[in-house]
Amino acid sequence: TSGFVRLVNKTTPTSLIGSPEIFFNNEWATVCADTVTLDDMQVICRQLGYTFASSTSQNISENDLPKYNMSCYGHEKSVDECPYQLNSDINGCSTAGLQITCTGNPKSGDIRLQSQSNEDYRGFLQVYYNGTWGTVCGAKSTHQLARHACIWMGYLNYTSYSYQRSTNMMGPVIINNASCDGNPSNFMECNSAGWYNIPSQYQDHGHDLYITCEIPPAEGSIKMVNKVQHSNNITSGGVLIAHDGVWGGFCYDGFNDETGRILCRHFGHENYVPESCCYSSPFEPNKIWVTKSQCSSQANLLSQCNLTYGIDTSLCSGNVRLTCIDNDPCFSNPCAGQAGGRAICVTRGNGNYWSCECPKGYSGYNCLFYSKITRIRIRRGFSYNQGSIEIYNGTRWGSTCYSSWKYTAAQVACRQLGFADTQLSWPPHRYTYGENITITVGNISCNGNEANLNQCSQSNALLQDFNECMPTLNDQAGVLCVGKNGKEIFCQHKAWKLYKLLRISLTSHFIDKPLDASLQNAVTLPPK
């Protein structure tokens, strides 16, 4: 049977010292002595009916059996529950055979979890002392004791603990007031009130320590933590993925919208709401695992995506806060015909409205420009060529105050993005609808003939004048950019009355030609 284990070359018929052999892939094999760990040996001995693997050495004899690298966590009941891989590197494993020692009897200080269930990762904590198993009824720092106990038994950590009533079948109450400060390697290195020194009120098993340990998650498992229900159709929380037995998050800077869509649908939601940075919690892992996640529009599972683990995590703004939506107004894809098919629909305002925008990282005519190269972008409009204007100041995106935003500045911004001109410079509430957007530049003053906004005079004086520039009232500048054949379909003073016309009519047919004819065949710039 695959995974069957035996000890060979024993020194005596009853000896617990020998070389382990495992039946893998229809043949007997052994374990690489150079990569074996105590956790691997613990599982081998447990499968053979012994309690512990207490020592290891290399046998001087050689054999020609295939050698496997094992990756047990230590809590498995048999080796076929452990990840393993054939060692194909002839220089990666010595020719000496492995020899281990299994002990069948526990020693003082050994611990285990016991309960009526078959789940060996949780139960009442028992300690072995002087031939007897007994329970623990108190600790100076219970969370420290629970953590150390789970780690000693091969688990990652504890997930919960409590004090409950057990029975005399658990043995006597044997220890009280345990203290496991620092990094003790076993229970015998912890302090306590002394063996069997138990207050009378605790001797009836009414206050025994019950621990649940954390099982190492399966590779690629994902979970949402600290979920918040913002409305009837919006849910957000941190999203974590398991890699090498450890939970970690997704880097916000390397996260694409298709990854968000796949994750939200995995958790039972309809779609993903972009720009969900960032998540942190003192109670959950804040490690960043996936520094770049690239999923195609055809992918339906995270396993179909290209994930990059653990590279340049210092460049990440933080872990992605995943925001998901149900009854999504973008579900019908109202932006499909814009920007040569490149525009995407983005849900905003807690799911109350939508906007058509360029994909994350792009902006400008037909979404052909990489945003951090042009250093400006258009957001939150009902067509990709109109909305709030945002400026990148080298560290973050933000808007400029509308009170100082003139038609000449809007002209420059549109030309910088590859459009021929602007029709309007718009007040902010057409696009923000209650969203508070950071303002990074207080005032931009242009003549109208500049090549880009960097050639215009800029000042941050208005950032201190809340009467003229109030982020809480969404005082951000906006634009409506057009191509050479764009027609002026309304005047600025009547724009508020034409809100419904804006939402329905402003589509890509108003942007028929770019400023530079060569841009009609421009190659999309890759994000960096």
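Phe 4 is partly exposed, with a relative accessible area of 46%; here buried means under 20% relative accessible area, exposed means over 50%, and partly exposed lies in between, computed with a 1.4 Å probe on protein chains only. The model is predicted, so local features need pLDDT of at least 70 and side-chain atom pairs count only at pLDDT 80 or more, while totals for chains, interfaces and linings use all residues. Residues are numbered from 1 along each chain as its sequence is written, and side-chain values use heavy atoms, with hydrogens and water left out.

A pair of aromatic rings is described by the distance of the centres and the angle of the planes. In this structure, rings of Phe, Tyr and Trp (for Trp, the six-membered ring) pair if their centres lie within 6.5 Å; planes under 30 degrees apart count as stacked, over 60 as edge-to-face and the rest as tilted. A search of the whole structure under these limits finds 19 aromatic pairs. One of them is formed by Phe 4 and Trp 28, which are edge-to-face at 6.0 Å centre to centre with 75° between the planes. This pair links distant parts of the chain, 24 residues apart: Phe 4 is in the segment before β1 (5–8), and Trp 28 is in strand β3 (residues 27–31). Strands are DSSP runs of E with at least two residues, helices are runs of H or I with at least four, and both are numbered from the N terminus. Trp 28 counts as partly exposed, at 23% relative accessibility.

Trp 28 also has a charged neighbour. Arg 6 lies over the face of Trp 28, at 3.6 Å from the ring centre. A charge sits over a ring if NZ of Lys or CZ of Arg is within 6 Å of the ring centre and within 35 degrees of the ring normal. A further case is Arg 112, whose charged end sits over the ring of Trp 133, 4.0 Å from its centre.

Which arrangement do the rings of Tyr 129 and Trp 195 adopt, with their planes at 5°? Their centres are 4.0 Å apart, and at that plane angle the pair is stacked. Tyr 129 lies in strand β9 (residues 122–129), whereas Trp 195 lies in the loop between β12 (173–175) and β13 (208–213), so the pair ties together parts that are 66 residues apart in sequence. Tyr 129 is partly exposed, with a relative accessible area of 23%, and Trp 195 is partly exposed as well, with 25%. Together with Phe 187 and Tyr 196, these two residues form one aromatic cluster.

A disulfide is a pair of cysteine sulfur atoms within 2.5 Å, and a search of the whole structure finds 10 disulfides. Among them is the one that joins Cys 72 to Cys 82, with an S to S distance of 2.2 Å. Why is the disulfide of Cys 72 and Cys 82 right-handed? The torsion about its S-S bond is about 110°, and the disulfide is therefore right-handed. Cys 72 and Cys 82 both lie in the loop between β5 (67–70) and β6 (84–86), so the pair ties together parts that are 10 residues apart in sequence. Cys 72 is buried, with a relative accessible area of 7%, and Cys 82 is buried, with 4%.

Another disulfide joins Cys 295 to Cys 305, with S to S at 2.0 Å. This link is right-handed, with 115° about the S-S bond. Cys 295 and Cys 305 both lie in the loop between β19 (288–294) and β20 (306–309), so this pair ties together parts that are 10 residues apart in sequence. Cys 295 is buried at a relative accessible area of 7%, and Cys 305 counts as buried at 12%.

The disulfide between Cys 358 and Cys 367 has an S to S distance of 2.2 Å. With -85° about the S-S bond, this link is left-handed. Cys 358 is buried, with a relative accessible area of 9%, and Cys 367 counts as buried at 2%.

Two backbone positions remain. Asn 366 has a positive phi of about 50° although it is not a glycine. Asn 366 is found in the loop between β24 (362–363) and β25 (369–370) and counts as buried, at 18% relative accessibility. Ala 339, also a residue other than glycine, has a positive phi near 55°. Ala 339 lies in the loop between β21 (319–325) and β22 (344–348), and at 0% relative accessibility Ala 339 counts as buried.
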